Amino acid sequence: MTSEEFSRLSVYVHDARKPLNRISMQAELVKMALNGDVPPEKALVALDKIISSAKDCSHTLAEMTSELSGNVLD
């Protein structure tokens, strides 16, 4: 792997971590709602954010796979 390829891979990893961190934080909020620590409505909002963040992460991983598969064929 070249330095440039590693640099691009690092960007993708960073971009995938952002939505994963959001998923983790929002899951904690859902857990708090289930425990009665926050209103249930916040859990619904958190679940929407989890779904959106999972889609963002999937999109980033698909982009990475697409770009890296192109490099394998070169």
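Good morning, colleagues. Please keep in mind throughout that the model is predicted.

I begin with the fold. The protein has two helices and zero strands. Helix α1 covers residues 3-34, and helix α2 covers residues 40-73.

I turn next to overall dimensions. A compact globule of 74 residues would have a radius of gyration near 11 Å, whereas the value for this protein is 17 Å. The C-alpha trace spans about 55 × 15 × 10 Å along its principal axes. Of the 74 residues, 19% are buried. The accessible surface amounts to about 5,400 Å², and carbon and sulfur atoms account for 61% of that surface.

One example of two residues separated in sequence is Leu 20 and Ser 53, which are 33 residues apart along the chain and whose C-alpha atoms are separated by 7.0 Å. Leu 20 is located in helix α1, and with a relative accessible area of 43% it is partly exposed.

Let me now consider Thr 60, a residue of helix α2. Is Thr 60 buried or exposed? Its relative accessible area is 12%, so Thr 60 counts as buried, the cut-off for buried being under 20%. Setting aside the neighbours within four places in sequence, the residues in contact with Thr 60 are Tyr 12, Asp 15 and Ala 16.

The remainder of this talk concerns charged side chains. The protein carries 8 positive and 11 negative side chains, and the centres of these two sets lie 7 Å apart. How many salt bridges does the structure hold? There are three salt bridges, and I shall take each in turn.

In one of them, the side chains of Glu 4 and Arg 8 meet, with an N to O distance of 3.1 Å. These two residues are about one helical turn apart, because they lie four residues from each other in helix α1. Glu 4 is exposed, at a relative accessible area of 55%, while Arg 8 is partly exposed, at 26%.

Arg 8 also forms a salt bridge with Glu 67, and here the closest N and O atoms are 2.3 Å apart. This pair links distant parts of the chain, since Arg 8 is in helix α1 and Glu 67 is in helix α2, 59 residues apart. Glu 67 is partly exposed, with a relative accessible area of 25%.

The remaining salt bridge joins the side chains of Asp 56 and Arg 22, at 2.8 Å from N to O. Why does this pair tie together parts that are 34 residues apart in sequence? The reason is that Asp 56 lies in helix α2 and Arg 22 in helix α1. Asp 56 is partly exposed, at 34% relative accessibility, and Arg 22 is likewise partly exposed, with a relative accessible area of 33%.

Thank you for your attention.

Definitions and conventions
Residues are numbered from 1 along each chain as its sequence is written. This is a predicted model: local features need pLDDT of at least 70, side-chain atom pairs count only at pLDDT 80 or more; totals for chains, interfaces and linings use all residues. Side-chain values use heavy atoms; hydrogens and water are left out. Buried means under 20% relative accessible area, exposed over 50%, partly exposed in between (1.4 Å probe, protein chains only). Contact means heavy atoms within 4.5 Å. A salt bridge is a side-chain nitrogen of Lys or Arg within 4 Å of a carboxyl oxygen of Asp or Glu. The radius of gyration is taken over C-alpha atoms; the globule rule is 2.2 Å times the number of residues to the power 0.38. Accessible areas come from the Shrake-Rupley method with a 1.4 Å probe; for residues, only the protein chains shown count as cover. Lys and Arg count as positive and Asp and Glu as negative; His and the chain ends are not counted. The place of a charge is taken as NZ of Lys, CZ of Arg, CG of Asp or CD of Glu.
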